[in-house]
Amino acid sequence: MPFPLRIYISHEVIQKRGRKAYASAVLNVMTQKLQIIGLDADDTLWQNEEFYRVTQARFAELLSDCCPEDDLQARLLEAERRNIGHYGFGIKGFMLSMIETALEVTEGKVSGAVIAEILAAGQDMLQHPITLLPHAERVVRDLSQAHKLVLITKGDLLDQERKLAQSGLGDYFHGVEIVSDKRPEIYTRAFQRHGAAADHALMAGNSMKSDVIPALEVGAFGVYIPSAYIWALEAAEAPETHSRYHRLPDLGGLPELVAMIENR
Ligand SMILES: [Mg+2]
């Protein structure tokens, strides 16, 4: 599908934003340039889910006398699903869901020592050092030369700020949006806040459900970059037939894909 051309720019807009903005808008239309590239953070730029898996194994070990591992993991996932609306996404909510599950499977008899272990496991997660995924540094640096990059991530505010600071990638981003959930309207607002209509934006990430589908829904390009591990609550069907849906084997191919979208 061709890139939608928006060549109607009202006099009001020209008066308000000036001739320079008008010229840049016309140029963007002519070159079909993407005005914003949104990037997810966890498991797109740096490792994340792996730490949850390690903690879940530790959790299973702690409760191995009370509950078989498969059953425990299923109950934990159910607790997380129930609690998302109350706690939001991130490690703190995960810790509370582990505690709730521990109470559930022991019928309230879980010891203080086990609760302390669960809290310690969660605190370890909050301090784990950042491991960038392959290509992340080069791709973010390259794309930032000619594009506005916006990091769009959910999770605990403090934890995401810490990870971004440690990643060393912060300066490449024009903006950072740490959001409570990734609903379609969140993308519309985030793109607008940084000066772009959704149809001139692209969102790339490892979650089909959170990064790709809602971005496609508001008219942006959606790029799925699968990660080694995916949380069960982030899985969704691929919108294979959508003309703006793309899938890359890893982050390394993103600059090339952006160039292809802009030049076709
Ligand atoms: Mg992610």
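Visitor: What is alanine 201 in contact with, leaving aside neighbours within four places in sequence?
Guide: Leu34, Gln35, Ile36, Gly38, Phe191, Ala196 and Ala220. Contact means C-beta atoms, placed from the backbone, within 7 Å. This is a predicted model: local features need pLDDT of at least 70, side-chain atom pairs count only at pLDDT 80 or more, and totals for chains, interfaces and linings use all residues. Residues are numbered from 1 along each chain as its sequence is written.

Visitor: Which residues touch the most other members of the largest nonpolar core?
Guide: Ala201 is one of them, along with Ile37, Tyr187, Phe191, Leu202, Met203 and Ala220. The core has 40 residues. Such a core is a set of buried Ala, Val, Leu, Ile, Met, Phe, Trp, Tyr and Cys residues joined through C-beta atoms within 7 Å. Buried means 20 or more other C-beta atoms within 10 Å of a residue's own.

Visitor: Which element gives the most to this core?
Guide: H9, with five residues. Helices are DSSP runs of H or I, at least four residues, and strands are E runs of at least two, numbered from the N terminus.

Visitor: And apart from that core, what else is there?
Guide: Another core, of 13 residues, including Leu62, Phe94, Ile118 and Ala121.

Visitor: Switching to helices. At what angle do H2 and H5 pack?
Guide: About 170°, with axes 10 Å apart. The axes are lines fitted to C-alpha atoms over the stretch in contact, and angles run from 0 to 180 degrees between N-to-C directions. So H2 is roughly antiparallel to H5, a label for angles over 145 degrees.

Visitor: Which residues meet there?
Guide: From H2, Phe51, Thr55, Arg58, Phe59 and Leu62; from H5, Val114, Glu117, Ile118, Ala121 and Met125.

Terms used. Angles under 35 degrees count as roughly parallel, over 145 as roughly antiparallel, 65 to 115 as roughly perpendicular and the rest as oblique. Two residues are in contact if their C-beta atoms, placed from the backbone, lie within 7 Å. A residue is buried if 20 or more other C-beta atoms lie within 10 Å of its own, exposed if 12 or fewer, and partly exposed in between; C-beta atoms are placed from the backbone.
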